[in-house]
Amino acid sequence: PLLMPGINAGTSLKLKRLQAEIATEEGIGQGEFSAWVNNARGLSSSLAPWIYGQWYAWCEKHGVYSGTVWPLAGVLGSFLPLAMFMTMPDGAQGSLEAAA
């Protein structure tokens, strides 16, 4: 099977517990951290359609096949989260296994 790590935010399920633990260790309250996460989600939810629209408009203006917006969405929605996950320190990934 093909692994699409960003689909439905499946890779974030194990990360949520780790995020909360790190926030607590840094002295950030759960409510404040939840607000930060929700604000980041809101920003990304509004930024993504804008990026796709700009790419589509650029393709139409320059005669490039506009269907390339779908691979762009795949890269930003799937491979970018995987790259972020892969940059985690080794110790953090061990915490993920304990959280599972």
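Author: Buried means under 20% relative accessible area, exposed over 50%, and partly exposed in between, with a 1.4 Å probe and protein chains only. The model is predicted: local features need pLDDT of at least 70, side-chain atom pairs count only at pLDDT 80 or more, and totals for chains, interfaces and linings use all residues. Residues are numbered from 1 along each chain as its sequence is written, and side-chain values use heavy atoms, leaving out hydrogens and water.

Reader: What makes the pair of Trp55 and Trp58 stacked?

Author: The structure holds 1 aromatic pair. Its rings, those of Trp55 and Trp58, have centres 5.3 Å apart and planes at 25 degrees. Rings of Phe, Tyr and Trp (its six-membered ring) pair if their centres lie within 6.5 Å; planes under 30 degrees apart count as stacked, over 60 as edge-to-face and the rest as tilted. The pair is therefore stacked.

Reader: Where do Trp55 and Trp58 lie?

Author: Both are in helix α2, 3 residues apart, about one turn of the helix. Helices (H or I, at least four residues) and strands (E, at least two) are DSSP runs, numbered from the N terminus.

Reader: Why does Ser66 count as buried?

Author: Ser66 has 17% relative accessibility, and buried means under 20%, so Ser66 counts as buried. Ser66 is placed in the loop between α2 (30-62) and α3 (69-86).
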